[in-house]
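Please look through the sequence and the 3D structure shown here.

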Amino acid sequence: MGDTLAFLFNPLLEPLAFPFMQRGLLAVALVGVVCAVIGTFVVMKGLAFVGDALAHCAFTGAATAFLLGGNVYLGAATTGVLSAVAITWVGRSARVSLDTAIGIIFAGVFALGLLIMSRVRNYTVDLFAFVFGNVLGVGPDDLIAIAVMVVVVLLFVLLLYKELLFTAYDPTMAAASGVPVVLLQYLLMVVLGLTTIVTLRSVGVVMAVAMLVTPAATASLLVHRFHHIMLVAVAVALVCTVTGLYLSFYLAVASGAAIVLVTTLAFLLALAFSPRRGLLTRGRPGAA
Amino acid sequence: MSVSSPVQEHAAIAGVAALEVTGLSAGYRQTAALQDVSFSVPRGSLLAVVGPNGAGKSTLFKVILGLLTPWKGSVHVLGRPVRDARRLVAYMPQVELVDWSFPVTVFDVVMMGSYSHLGLFRRPGKAEREAARRALETVRLADMAERQIGELSGGQQRRALLARALTSDPQVLLLDEPMTGLDATAQHDMIRLFHQLTSEGRTIIAATHDLSCVAAEFKLALLLNRRVVAFGPPRETMTQAMLNETFQRHMLWVNVDGRIFIVHG
């Protein structure tokens, strides 16, 4: 009996003997939760491009900080949040669509980042990890930063849930009801910017958007009320990030890529077998 | 702040107009959307606001809702200036402007009507849920409460939005195109609902393009094209000459056995 249990659980427990795996698992789980919560707003408002843009804008800050010898993540956070505010401001005041505002800011800031990068002669591990993510390199300081971010985002969403939902669903009516819609839109973008930056550490610039979008999109195929989507997205994110990290441990492959691929697989499964909208289950007798 | 009972409040507002607009001019940046607009709507009225696109209908609504500050003139709701009357007024947007694929139930949407009373951080409780249920019963949509909003028909969508507006127990209802695109039965249901609400003393102000419906069913019409072209009962205001002036084009106006049909020419 004991042997059977050991056989079942050893593969799960063994990696935990390494402190970097403990920290890595905790980091991806926390990042998964925070991305799933904010990602629900991103997916429901069609803002996926924003997450992608903010990740790239954060890269510019990281490159600048790297060149100046400052803290890479502080640099990323600064440009990430500034870009989030700039995108919202241009979209609101220049009378162009949000898509266009994102395109303008994102391209401009990212070009600046590339310009700065072209002056950096030797990439070190730091900047490389920033582009591709290295969850196994997460240190105690990073964990604290991620944990603080989780608390900020969860408090933000819990305290302002009804206002955020109203604003996301019908901003005009929300404004007419006295909800500070403009302030909430700015805050949501700032929180999104900060979320993207803690995500960069685990999966990198290019794949950060997947963490933001895929769990919520998967959940939206399975359940149909906003807070249900948010809860299922959290569950999907937890399962996928942890599974992905274990796979990367045993297969010795890049952790960020493994996590994103497992999440993508979850989405494809939901797409195929969703009770109401599944490609394979739709229209079958017995499928409610 | 003194707390007055509903009875006292109704006694106090019995004599005053539901909406009093005096010398109102308003617009955006340099462009005037409304110029020197004045009219007075008695309580319990069913008023249609009629005019071409860009006539200032939505600007008028925004001013009444306190979302746009007038350049000149004053607007009073039941004797109070707009900034003190927010809770007395509710708005129902055009169905086309609402995201019907958003993952919420009919009940979720109707509950949003109570948020203006709650303020930040407070969660809706029993009283708010009760108000939402009453509003759904008023619009005869109680059995659809747990449905996704995407499953509603056109008439049900409008009734759901009306229920949301009713949740805060408003005295004045501003409705944006409540009848457009409805079939005859749904339109008839909507009009019956309007009469029920006005008989309770509520005032309904609807912006609409359905001129024949205005002529047949509404008690008052405001013909608007930046300024007031005509204001009064449809029989007196919805005339060929007034309509042509309002829309700046020839309108087809037919009287068949006392029923008036108006078509854009």
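**Briefing on the predicted complex**

Val228(B) counts as buried because 20 C-beta neighbours lie inside 10 Å; a residue is buried if 20 or more other C-beta atoms lie within 10 Å of its own, exposed if 12 or fewer, and partly exposed in between, with C-beta atoms placed from the backbone. This is a predicted model, in which local features need pLDDT of at least 70 and side-chain atom pairs count only at pLDDT 80 or more, while totals for chains, interfaces and linings use all residues. Residues are numbered from 1 along each chain as its sequence is written, and chains are lettered from A and ligands numbered from 1 in the order in which they are written.

- Val228(B) lies in strand S10 (residues 227-232) of chain B; helices (H or I, at least four residues) and strands (E, at least two) are DSSP runs, numbered from the N terminus.
- Val228(B) and Gly51(B) are 177 residues apart in sequence, and 9.8 Å separates them in space, C-alpha to C-alpha.
- Ile262(B) is part of strand S12 (residues 259-264) of chain B, and Ile262(B) counts as buried because it has 21 C-beta neighbours inside 10 Å.
- Beyond its neighbours within four places in sequence, the contacts of Ile262(B) include Leu211(B), Ser212(B), Met238(B) and Trp253(B).
- Ala215(B) is also in contact with Ile262(B); the two are 47 residues apart in sequence and 8.4 Å apart in space, C-alpha to C-alpha.

**Chain B as a whole**

- Chain B has 10 helices and 12 strands.
- The radius of gyration of chain B is 19 Å, close to the 18 Å from the globule rule for 265 residues, so chain B is as compact as a globular protein of that length; the radius is taken over C-alpha atoms, and the rule is 2.2 Å times the number of residues to the power 0.38.
- The C-alpha trace of chain B spans about 55 × 40 × 40 Å along its principal axes.
- Of the 265 residues in chain B, 44% are buried.
- Among contacts in chain B between residues at least 6 apart in sequence, 67% join residues at least 24 apart.

**A helix pair in chain A**

- The axes of helix H10 (residues 181-203) and helix H11 (residues 208-222) of chain A come within 8 Å and cross at roughly 110°.
- That makes H10(A) roughly perpendicular to H11(A), a label for angles of 65 to 115 degrees; under 35 counts as roughly parallel, over 145 as roughly antiparallel and the rest as oblique.
- Thr196(A), Thr199(A), Leu200(A) and Val203(A) in H10(A) meet Ala208(A), Met211(A) and Leu212(A) in H11(A).

**Contact between the chains**

- Chain B contributes 20 residues to the contact and chain A contributes 19 residues.
- The predictor gives the complex an ipTM of 0.75 and a pTM of 0.80.

**Confidence**

- Chain A has a mean pLDDT of 84, with 91% of its residues at 70 or more; pLDDT is the predictor's confidence in each residue, from 0 to 100.
- Within chain A, confidence is lowest in helix H6 (residues 125-132), at a mean of 65, and highest in helix H12 (residues 226-251), at 94.
- Chain B averages a pLDDT of 88, and 94% of the residues score at least 70.
- Over residues 1-5 of chain B the pLDDT is below 50, and this stretch has 1 contact in the model beyond near neighbours in sequence.

Conventions. Axes fitted to C-alpha atoms, helices over the stretch in contact; angles between N-to-C directions. Contact = placed C-beta atoms within 7 Å.
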